[in-house]
Amino acid sequence: MSKPVTIVCVAGEASGDASCAGLIQAVRQQMPDVRLWGVGGRCMASAGVQLLYDSSGWGAVGVMEALRVAPALWVAQQNLKRRLAQEPPDLLVLVDFGAFNVPLAKWAKRKGTKVFYYFPPGSWRRYLPRRNDLPSCTDCIITPFPWSAELLRRAGANAHFVGHPLLDRVRPTLSAEQFCKQLGLDADGLRIGLLPGSRRQEVHALLPVMRRAGELLAEREPRAQFVLALAPSVPEETVRRVFSGTRIRWRMVQGMTYDVMAHSHLLWCCSGTATLEAAILGTPMLILYRGSLLMEIEYYLRKRSLHLTFIGLPNLIVGRSICPELLQHSATPQNISALSLTLLPGTEGHRQQREALQEVKSLLGEPGATERAARLLLECLNANTTR
């Protein structure tokens with residue numbers, strides 16, 4: 001009796017965890033007996049991956065934050081290498097998380113392991129860094145943007161654009177009428193969706209600002225109602241403490257993020273994958289970010305070297321400002337409230353942003369990306385030779 005095929009998967013943040021889980025579910029439909037273990041979060045665990053480490057707390061923004069988790073990541077990487085050496089898998093699947101996964105890919109290739117990279121880091125960029133190791137340390141790369149695949153192929157990689165997997169899973173579960181009824185909202189009122197992020201530092205920095213911005217906006221727009229989509233990593237008590245005593249009409253929901261995005265008239269959205277999800281649903285947004293002073297200094301020091309004109313994915317993808325970005329000291333309650341008035345339904349700003357978000361969505365390809373990526377994974381797995 002032949003031993004089962006073993007695939008090891010490594011993802012380091014919430015978006016990678018969800019993307020890898022979808023890929024694994026599609027693979028298991030074709031290969032039900034596959035053995036899966038690795039590093040990830042609750043989505044991958046639910047998809048059948050036996051976790052060596054839970055990476056839910058590994059998310060970091062910038063070098064300063066990365067230093068906080070670096071010791072734990074180094075220990076985890078050494079233990080993971082040890083396990084991989086003891087039990088070589090048939091395929092190593094890596095998802096984004098470049099600081100951890102690219103060195104792991106190079107190590108694995110030297111050991112003769114096939115490497116399948118799903119979502120190469122920085123794939124939204126319209127250029128490749130001068131030093132790019134991915135062509136030499138991977139057997140197959142699946143990238144969510146067409147220009148990324150072209151750049152990687154020119155550099156010698158076996159790279160494929162299959163569409164963006166978010167197109168397969170970003171959809172509401174309720175109608176607007178059902179959404180309002182379930183949350184006790186006035187269906188004729190103005191709905192503002194609040195997405196303060198999933199990382200601890202993001203949430204603590206943005207929540208008080210969002211509360212005060214909501215109070216200011218409600219003074220100008222009495223019909224305003226606010227719905228906060230709570231990430232699983234954020235305790236409810238954190239939010240209730242910040243919003244305690246406010247007079248604005250607000251609700252907090254969990255597990256309904258896409259409904260909040262789809263059925264809000266405007267979103268106040270922390271920079272990250274959520275901005276691209278909102279773009280797919282076509283909801284206008286303000287992109288917000290506040291972090292520590294050290295992170296602000298780092299951002300400005302690295303801005304030129306990284307060619308960072310924007311930080312929001314919709315703006316990065318089209319190469320121009322379509323969603324206003326308020327960062328650090330610019331993300332004040334006064335600025336958020338004032339800009340929101342220019343983006344409400346009926347305004348020219350609202351109409352223009354909705355049109356531009358359709359352009360963003362069109363650049364992501366067609367639905368079915370997850371299944372197409374799974375087919376390429378199986379082809380890589382069954383290939384007789386490695387690169």
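Colleague: Why does Phe119 count as buried?

Modeller: Its relative accessibility is 13%, and buried means under 20% relative accessible area, with exposed over 50% and partly exposed in between (1.4 Å probe, protein chains only). So Phe119 counts as buried. Bear in mind that this is a predicted model, where local features need pLDDT of at least 70, side-chain atom pairs count only at pLDDT 80 or more, and totals for chains, interfaces and linings use all residues. Residues are numbered from 1 along each chain as its sequence is written, and side-chain values use heavy atoms, with hydrogens and water left out.

Colleague: What makes the phi of Phe119 worth a remark?

Modeller: Most residues other than glycine have a negative phi. Phe119 is not a glycine, yet its phi is positive, about 70 degrees. You'll find Phe119 in the loop between β5 and α5; those labels are DSSP runs numbered from the N terminus, helices being H or I of at least four residues and strands E of at least two.

Colleague: And Gly122, why is that one called partly exposed?

Modeller: Gly122 comes out at 24% relative accessibility, so it counts as partly exposed. Gly122 sits in the loop between β5 (115–118) and α5 (134–137). Its C-alpha atom is 8.4 Å from that of Gly98, 24 residues away along the chain.

Colleague: What makes helix α12 largely enclosed?

Modeller: Seven of the nine residues of α12 (residues 273–281) are buried, so the rest of the structure largely encloses this helix. Those buried ones are Ala274, Thr275, Leu276, Glu277, Ala278, Ala279 and Ile280. Just after α12 comes Gly282, with a positive phi of about 80 degrees.

Colleague: Why is α1 called oblique to α17?

Modeller: α1 (residues 14–30) and α17 (residues 369–382) pack at about 60 degrees, axes 9 Å apart. Axes are lines fitted to C-alpha atoms, for helices over the stretch in contact, and angles run from 0 to 180 degrees between N-to-C directions. Angles under 35 degrees count as roughly parallel, over 145 as roughly antiparallel, 65 to 115 as roughly perpendicular and the rest as oblique, so α1 is oblique to α17.

Colleague: Which residues of α1 and α17 make the contact?

Modeller: From α1, Gly22, Leu23, Ala26, Val27 and Gln30; from α17, Thr370, Ala373, Ala374, Leu377 and Leu378.

Colleague: How do you know that the protein chain is as compact as a globular protein of that length?

Modeller: First, the secondary structure: 17 helices and 13 strands. The radius of gyration of the chain is 21 Å, close to the 21 Å the globule rule gives for 387 residues, so it is as compact as a globular protein of that length. The radius is taken over C-alpha atoms, and the rule is 2.2 Å times the number of residues to the power 0.38. Buried residues make up 53% of the 387.

Conventions. Contact = heavy atoms within 4.5 Å.
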